[in-house]
Amino acid sequence: MNAGIDKRVLWVFPVLACVECALLARNLFVLHPPVNVIMAGCQALLVVGLLAAWLRARGQQSVTVEGLGPIIFAVLLSLGGLVLLEQALTHQGLLSANLALLLAVGGALVAPRRRFALYTIVLVVGWLCVILTHVNWDIPVVQQGLLIGIGLFVAGSVNILRDMDRKQLQAARDDAVNSAMRDPLTQLWNRRGVHAVLPSMIGGARTLNSGIWCAFIDVRGLKLVNDTLGHAAGDDLLQAIGQVLLDREERGQVPARWGGDEFCLFGGGPAPESEALAQQLRDEISKRTTVKAAWDVSCGVATELMRSVDDVDRLVASADEDMYRRRGEQAR
C-alpha cells in the first residue's frame, strides 16, 4: 500500500538545486582550472536533474513515498559521485567527512534494503578507488577510513531502525484494516470487508461468463442458547460457525457475518444445493462446539450475473428469500 505525502515536501528539490547553484559558483572561484570547470559542469547537470525531478513529481496526481524512493536514491548517489569526483580532483581528504554524512543520510532515506546496500557499496568502492589516485593526503587515509566507517555504522543502524519502524507501522496498519473489515468474534468478513474483497471474485466470474452465488445461512435458536446456557455458550457456537466457514476460504469462497445470527457465503461457479449445504454445516459445526442442542441451521441460495459489488445486497436479499421459502415449505 503506497503512502501518499504532501506535495509541499517536493520543494526540497528546488531548494537543493539552489544550494547546489551556490556551491557551483563557489567552486568556479575557489577551485583551480580545469577542476573548477569540470565540477561546475557536473553540478549544473545535477541542478537540471533536480529541477526536472521536481517538475515531474509536481505533475503527478498523487505523490507517494514509494514513488519518490528511486528519485531520492538517484539524487543521493549523484551527490556522492560529486563528492568523490571533487576529492579525486582536489585531493582534499576532508571530503571523506562529506561522504560519511551522505552515507548516514542514505541510511535514513534510501529503501528498500537492496537499494540501500547498492548505495553503500557504490560509495565505499568509489572512495577506495579515489584513495588509490593519490599518495600524500592532507588527512591520513586511516583517519578518512575511520570517518567512512562511522558513516557506515550510523547508516546501517538508522536503516535497520527505520526498517523495523516501517514493519511495525505496516503491521499496525494491517491490524487496523483487518479490525475494520473482520467480525471480531468469528473473524469472518463483515459487510465492509465483503465489499472490499468481492470485486476480484466478480471480475473472475465475468471473465468466465459465470455467476456469483450467495448462500444465506440463518442460525436458529441462538437467542435460546444465550437465554438458557449463557452468552458464553452463544459465543462458543458463533465461533464454531466462524471456524467452519473460514475453512471454506481455502476453496476460494468468501464467508461473512451479515448480522447477529445471519451469515453469508459467496462463491463463483456452480452453486451448492441449499439442503446439502445446511446438513454439511450442521455436521461440521457440531464437531466444533460444546453446544449440542437448541440450535439449527437454515440455508437459502441465489445466483446472479453480478456486474459490480453494488449488486451484493440484491443477491443477499434473494438468498434470504430463498431461505425463508424453504423454511416455510418444511414447516407445512
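Which residues is W54 in contact with, leaving aside its neighbours within four places in sequence? They are L10, W11, F13 and P14, where contact means heavy atoms within 4.5 Å. The model is predicted: local features need pLDDT of at least 70, side-chain atom pairs count only at pLDDT 80 or more, and totals for chains, interfaces and linings use all residues. Residues are numbered from 1 along each chain as its sequence is written, and side-chain values use heavy atoms, with hydrogens and water left out.

**Confidence**
- The protein chain has a mean pLDDT of 89, and 95% of its residues reach 70 or more; pLDDT is the predictor's confidence in each residue, from 0 to 100.
- Confidence is highest in helix 5 (residues 113-131), at 96, and lowest in helix 6 (residues 141-181), at a mean of 83.
- Helices (H or I, at least four residues) and strands (E, at least two) are DSSP runs, numbered from the N terminus.

**Two buried residues**
- W54 is found in helix 2 (residues 35-59) and is buried, with a relative accessible area of 13%.
- Buried means under 20% relative accessible area, exposed over 50%, and partly exposed in between (1.4 Å probe, protein chains only).
- W54 and P14 are 40 residues apart in sequence, yet their C-alpha atoms are 7.0 Å apart in space.
- T120 lies in helix 5 and is likewise buried, with a relative accessible area of 12%.
- Not counting residues up to four places away in sequence, T120 touches L103 and L152.

**Helix 3 and helix 4**
- The axes of helix 3 (residues 65-90) and helix 4 (residues 95-109) come within 10 Å and cross at roughly 170 degrees.
- That makes helix 3 roughly antiparallel to helix 4, a term for angles over 145 degrees, with under 35 roughly parallel, 65 to 115 roughly perpendicular and the rest oblique.
- Axes are lines fitted to C-alpha atoms, for helices over the stretch in contact, and angles run from 0 to 180 degrees between N-to-C directions.
- The residues of this contact divide into 10 nonpolar, six polar and one charged.

**Helix 8**
- In helix 8 (residues 222-229), L222, V225 and N226 are buried.
- These residues cover an arc of only 95 degrees around the axis, which puts them on the same side of helix 8.
- They pack against strand 1 (212-220) and helix 9 (231-246).
- The face turned away from the buried side carries the exposed residues K223, D227 and T228.
- Just after helix 8, G230 takes a positive phi of about 105 degrees.

Notes. Nonpolar A, V, L, I, M, F, W, Y, C, P; charged D, E, K, R; others polar. Arc of directions from axis to C-beta.
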